[in-house]
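Here is a short report on one chain.

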Amino acid sequence: MIKMCSVQGDMDRQGREIAQQILKIDALFSEELNQEEKRTVLQDDFDIPMTLSIERGISSMCNLSEGVWQKGIQEGMQQGMQQGIAEGSEKTLLEDIRSLMVTMKWTAEQAMAALRVPETKRTEYAAKL
């Protein structure tokens, strides 16, 4: 019975130590805290002295996460613009096909041929008319 209590006590202590390590890591990777706040949490809450090396590490991590965030925003904007251009081009092409069908009294196939729509896309566009 004494052995069990000793093991339980060790497990509780280890669990607390692991939880503290997780909290430190969470503070470092938190997107909600800026560099100064991370430094304060590590120094005040976990008694980690701020050496030049640790401050550089925090700065590097903050800059890295900001860079990843900015890259994600840029890629999202680029994809959105490309999608918008593609949708706008398709809309214009469909309008041109309809216009030729009305003004020239052509079939959809004749209008698409005149506009040089690739044959592989004609069925797709015909379904959208």
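## Report on the predicted model

Arg 116 counts as exposed, because its relative accessibility is 75%. It lies in the loop between α4 and α5. Most residues other than glycine have a negative phi.

Two further residues have positive phi values. Lys 105 has a phi near 60 degrees. Lys 105 sits in the loop between α3 (52-103) and α4. With 71% relative accessibility, Lys 105 is exposed. Asp 47 follows α2, and its phi is positive, near 55 degrees.

**Confidence.** The model is predicted. The mean pLDDT of the chain is 80, and 84% of the residues score at least 70. Among the elements, helix α4 (residues 108-114) has the highest mean pLDDT, 95. Helix α1 (residues 2-29) has the lowest, 63. Over residues 1-8, pLDDT stays under 50. The model has 0 contacts beyond four places in sequence for residues 1-8. Where pLDDT is low, the predicted coordinates should not be read in detail.

**Fold and surface.** The chain has 5 helices and 0 strands. From the N terminus on, the order is α-α-α-α-α. Of the 129 residues, 16% are buried. Among contacts between residues at least 6 apart in sequence, 32% join residues at least 24 apart. The chain exposes about 10,200 Å², and carbon and sulfur atoms supply 57% of that area. Trp 69, Ile 73 and Met 77 make a nonpolar surface patch of about 340 Å². Trp 69 belongs to helix α3. Its relative accessibility is 54%, so Trp 69 counts as exposed.

**Burial.** In helix α2 (residues 35-45), the buried residues are Lys 38, Val 41 and Leu 42. Seen down the axis of α2, they fall within an arc of 90 degrees, so they line one face of the helix. Arg 122 is in helix α5 (residues 119-128). Its relative accessibility is 13%, so Arg 122 counts as buried. Leaving aside residues up to four places away in sequence, Arg 122 touches Glu 109, Met 112, Ala 113 and Val 117.

**Salt bridges.** The structure holds 5 salt bridges. Side chains of opposite charge can pair when their charged atoms come close.

| Pair | N to O distance |
|---|---|
| Lys 71 and Glu 75 | 3.9 Å |
| Glu 124 and Lys 121 | 3.5 Å |
| Lys 128 and Glu 124 | 3.5 Å |

Why are Lys 71 and Glu 75 separated by about one helical turn? Because they are 4 residues apart in helix α3. Glu 75 is partly exposed, with a relative accessible area of 43%.

In helix α5, Glu 124 and Lys 121 are 3 residues apart, so about one helical turn separates them. Lys 128 and Glu 124 are 4 residues apart in α5, which again means about one helical turn. An α-helix has 3.6 residues a turn, so residues three or four places apart point the same way. Glu 124 has a relative accessible area of 33% and is partly exposed. Lys 121, at 34% relative accessibility, counts as partly exposed. Lys 128 is partly exposed at 36%. A network of salt bridges links Glu 90, Lys 121, Glu 124 and Lys 128.

Note on methods
Residues numbered from 1 in each chain as written. Heavy atoms only, no water. pLDDT = per-residue confidence, 0-100. Helix = DSSP H or I, 4+ residues; strand = E, 2+ residues; numbered from the N terminus. Contact = heavy atoms within 4.5 Å. Buried < 20%, exposed > 50% of the residue type's maximum accessible area, 1.4 Å probe, protein only. Arc of directions from axis to C-beta. Patch = residues over 30% accessible without salt bridge, like charges linked within 9 Å, V, L, I, M, F, W, Y side chains within 5 Å. Areas by Shrake-Rupley, 256 points an atom, 1.4 Å probe, with all protein chains shown as cover. Salt bridge = Lys/Arg side-chain N within 4 Å of Asp/Glu carboxyl O.
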